[in-house]
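Biologist: I have the sequence and the structure open side by side. Could you walk me through what stands out, starting wherever you like?

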Amino acid sequence: MESVIAVWGLKKIYRGSEKPAVRDLNLTVERGEMIGVIGPSGAGKSTLLRCINHLVIPTAGRIFIEGEEITGASPGMVRKLRRRLGMVFQHHNLVARLTVMQNVMHGRLGYMNTMDGVLGRYKEEDKRRAVTTLEQTGLGDFLYHRAGELSGGQRQRVGIVRALMQEPSVLLCDEPIASLDPASAQVVMELIRDVCRRHKIACIVNLHQVDAALKYADRIIGMFEGEIVYDGPTAELTGTMIEKIYGKPMSELMISSER
Ligand code: ADP
């Protein structure tokens with residue numbers, strides 16, 4: 001069966017830089033698989049996610065989403081493929097003055113024509129699905145609260161529900177818990193894991209926190225200086241390997257909340 005994400009020989013050199021941010025990177029991700037990407041700051045984790053979603057254009061290499069190539073695709077094709085790619089960022093980037101419902105419904109914009117989108121003419125079934133998903137996520141009491149009034153953890157959950165409204169086959173999460181307290185981080189990671197299992201979404205989560213990666217991911221990708229230095233089951237990642245990826249002892253890496 002074809003992989004949900006396939007990355008072949010990816011390389012990215014940013015303008016003005018000589019050193020590749022990512023190089024010789026090959027990766028496939030299957031349906032329902034949750035991958036934690038770990039590695040020191042500057043290892044290329046964020047560049048990898050941004051290349052997959054076409055926010056960054058690779059210098060070389062090819063990327064396929066469910067067998068369709070996004071690298072070199074026409075703007076129309078990129079737009080179509082992006083619907084399948086849900087993104088969750090560290091700073092959730094919700095519109096603070098809009099309500100939770102309005103923010104979540106933005107997840108449908110990729111499926112609508114411009115006029116319907118501007119006028120907020122969403123389908124009833126989509127609105128019902130938004131309410132149900134928000135209720136299932138423990139946000140049922142906040143539908144008409146402004147996003148700006150919510151806590152960081154609640155906002156991140158709204159961002160995940162918004163991504164789910166796209167009915168994605170891929171969820172790309174860039175440091176989703178970096179600015180959360182440990183209790184909220186746990187809720188957010190559990191939500192990401194549960195929705196990916198339930199909807200069979202292929203998920204890549206960039207994590208600064210090694211302990212969270214070990215706890216929630218099925219598979220770990222360790223990056224160092226733009227290359228994958230470990231790719232395998234979480235259970236087989238040894239302490240020695242982690243120390244090699246970070247160049248630091250494990251004891252200095254486990255304190256996830258104190259960045
Ligand atoms: P990580 O997410 O692992 O911290 P990044 O992908 O953000 O790593 O960065 C990888 C390398 O690319 C770093 O050396 C970083 O400075 C560089 N880099 C990232 N974004 C840009 C950019 N927009 N322009 C130039 N260099 C960048």
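Biologist: How many aromatic pairs does a search of the whole structure find?

Modeller: Bearing in mind that this is a predicted model, a search of the whole structure turns up one aromatic pair. Its partners are W8 and F64, which sit in a tilted arrangement with 4.7 Å from centre to centre and an angle of 50° between the planes.

Biologist: Where in the chain do those two come from?

Modeller: W8 belongs to strand β1 and F64 to strand β4, which covers residues 60-65, so that the pair links distant parts of the chain, 56 residues apart.

Biologist: Before I go on, what pLDDT does the protein average?

Modeller: The average for the protein is 92, and 97% of the residues score at least 70. Among the elements, strand β1 (residues 5-12) has the highest mean pLDDT, at 98, whereas helix α4 (residues 114-118) has the lowest, at 85.

Biologist: OK, switching to the ligand. Which residues surround it?

Modeller: The ligand is surrounded by Y14, A21, P40, S41, G42, A43, G44, K45, S46 and T47. By residue type, this shell divides into four nonpolar, five polar and one charged.

Biologist: What does K45 do there in terms of distance to the ligand?

Modeller: A polar atom in the side chain of K45 lies 2.8 Å from an oxygen atom of the ligand. From the backbone, an N or O atom of G42 is 2.7 Å from a ligand oxygen, and a polar backbone atom of A43 is 3.1 Å from an oxygen atom of the ligand.

Biologist: How much of the ligand does the protein bury?

Modeller: Taken alone, the ligand exposes 560 Å², and the protein buries 54% of that.

Biologist: Where do they sit, E167 and K200?

Modeller: E167 lies in the loop between α6 (152-165) and β7 (170-174), while K200 is in the loop between α7 (182-199) and β8 (202-206). K200 counts as partly exposed, with a relative accessibility of 49%.

Biologist: I also noticed R108. Is it buried or exposed, and what does its side chain contact?

Modeller: R108 is found in the loop between α3 (100-105) and α4, and at 7% relative accessibility it counts as buried, because that value is under 20%. The side chains of R108 and D126 are joined by a polar contact of 3.2 Å.

Biologist: Last one, A147: which loop is it in, and how far is its C-alpha from that of V100?

Modeller: A147 lies in the loop between α5 (124-136) and α6, where it counts as buried with 1% relative accessibility. The C-alpha atoms of A147 and V100 are separated by 5.4 Å, although the two residues are 47 residues apart along the chain.

Terms used
Residues numbered from 1 in each chain as written. Predicted model: local features only at pLDDT ≥ 70, side-chain atom pairs only at ≥ 80, totals over all residues. Heavy atoms only, no water. pLDDT = per-residue confidence, 0-100. Helix = DSSP H or I, 4+ residues; strand = E, 2+ residues; numbered from the N terminus. Near = heavy atom within 4 Å. Polar contact = N/O pair within 3.5 Å; in protein donor to acceptor, adjacent residues only side chain to side chain. Areas by Shrake-Rupley, 256 points an atom, 1.4 Å probe, with all protein chains shown as cover. Nonpolar A, V, L, I, M, F, W, Y, C, P; charged D, E, K, R; others polar. Phe/Tyr/Trp six-rings, centres within 6.5 Å; stacked < 30°, edge-to-face > 60°. Buried < 20%, exposed > 50% of the residue type's maximum accessible area, 1.4 Å probe, protein only.
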